[in-house]
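Please open the model in your viewer and keep the selection panel at hand. The tour below goes from one selection to the next and says what is there.

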Amino acid sequence: MKNFIANLPKAELHLHIEGTLEPELMFALAKRNHIELPYASVEEVRAAYRFSDLQSFLDIYYQGAQVLIEEQDFYDLTWAYLEKLAYQEVRHLELFFDPQTHTDRGVAFSTVIKGIHSALVEGGKRFGVSSKLIMCFLRHLDEDSALDTLEHAKPYRQWIEGVGLDSGEAGNPPEKFQRVFDLAREQGYRCVAHAGEEGPADYIWQALKLLHAERIDHGVRCDEDPALVDHLREQQIPLTVCPLSNTALKVYQTMSEHNIGRLLREGLLVTVNSDDPAYFGGQLNDNYEAIQAALDLSVGEIVQLARNGFEASFLSAEEKQSYLDALDEYVLTHPVAG
Ligand code: HPA
Ligand code: ZN
């Protein structure tokens with residue numbers, strides 16, 4: 001099964017590029033940019049990655065991002081991640097970036113996006129991965145800051161597929177950004193939003209009804225509202241679930257408590273993703289393996305999760321079909337017992 005998962009064609013739809021910063025690269029960039037880190041060694045950084053909730057992670061994650069200063073830094077970060085995807089058979093990537101994490105420190109929007117974009121173009125060709133970029137607004141900041149970010153993005157509109165919403169959920173409901181998302185939609189962006197990770201099921205309703213989110217990032221707390229679960233199933237609204245993130249941030253204490261298997265069996269369009277792999281101790285394949293083992297998922301269920309990843313993507317119908325054909329071909333030629 002491990003081998004089957006490793007070679008199965010997959011899509012990744014919930015990945016924060018800043019969350020792929022491995023401690024080794026953090027140290028190398030700190031040295032290059034003459035930045036003092038509050039850690040003496042790579043081991044000390046890894047030891048600090050013990051989280052009690054979302055905020056305890058975000059504090060360390062925003063601190064780590066401070067080593068990213070130059071366009072080359074964003075390029076190197078993105079390139080290093082694409083290299084990791086190649087050996088995991090991830091064929092399509094939709095990744096988030098958080099401009100405000102950088103513009104608030106005086107790094108220009110153009111520096112951030114040019115570095116990420118050129119690595120996606122060059123690395124995508126080199127490693128055979130297609131990609132789409134989603135710009136996230138930090139929900140702990142105010143509406144004006146999000147509106148400024150939307151303005152900064154204007155010259156790069158053609159490089160950005162959609163907008164999203166991330167950072168600390170508690171006390172920052174989707175409704176705070178309704179006007180920002182209205183404007184983004186007018187400008188042709190696809191809309192997604194983190195909701196129902198730590199926040200209540202009502203935040204998922206708000207993301208759907210007020211922000212017109214086409215996909216919900218996380219969304220696992222939907223199961224607190226049966227009417228919402230029915231709606232997600234009937235409308236086939238994708239949830240980009242991140243199992244190892246959820247256990248690292250104590251949304252679930254153990255993987256065996258995770259609801260992804262149940263939601264899948266109830267017919268929801270759930271997908272498997274890695275969120276911030278450098279911080280949560282696992283790449284995409286590790287996420288598939290962890291839920292397979294803890295929830296006793298069948299081969300058919302694993303394949304369905306991988307199919308859902310392509311179905312839930314922002315690829316065209318033709319592009320989706322060609323990835324799904326490759327997936328079917330793989331399944332036909334790699335039978336697994338179980
Ligand atoms: N939730 C909210 N904000 C984030 C996350 C997340 O899982 N990862 C990076 N920023
Ligand atoms: Zn996330």
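Select ligand 1 together with Glu 197, and you will find a nitrogen atom of the ligand 2.8 Å from an N or O atom in the side chain of Glu 197, a polar contact in the sense of a pair of N or O atoms within 3.5 Å, where within protein one must be able to donate a hydrogen and the other to accept it, and residues adjacent in sequence count only if both atoms are side-chain atoms. Taken alone, ligand 1 exposes 260 Å², of which the protein buries 100%, with accessible areas coming from the Shrake-Rupley method with a 1.4 Å probe and, for residues, only the protein chains shown counting as cover. This is a predicted model, in which local features need pLDDT of at least 70 and side-chain atom pairs count only at pLDDT 80 or more, while totals for chains, interfaces and linings use all residues. Residues are numbered from 1 along each chain as its sequence is written, chains are lettered from A and ligands numbered from 1 in the order in which they are written, and side-chain values use heavy atoms, with hydrogens and water left out.

Now widen the selection to the residues around ligand 1, which include Leu 54, Phe 57, Leu 58, Tyr 61, Asp 166 and Asp 275, each having a heavy atom within 4 Å of the ligand. Helix H4 (residues 54–64) gives the largest share of this shell, four residues, helices being DSSP runs (H or I, at least four residues) and strands likewise (E, at least two), numbered from the N terminus.

Move on to Asn 273, in the loop between strand E8 (270–272) and helix H14 (277–280). Asn 273 counts as buried because its relative accessibility is 0%, where buried means under 20% relative accessible area, exposed over 50% and partly exposed in between (1.4 Å probe, protein chains only). A polar atom of the Asn 273 side chain lies 2.8 Å from the backbone nitrogen of Leu 13, and this side chain also reaches the backbone nitrogen of His 14 at 3.3 Å.

Finish at Gln 292, in helix H15 (residues 284–295), where a polar side-chain atom lies 2.8 Å from the backbone oxygen of Leu 297.
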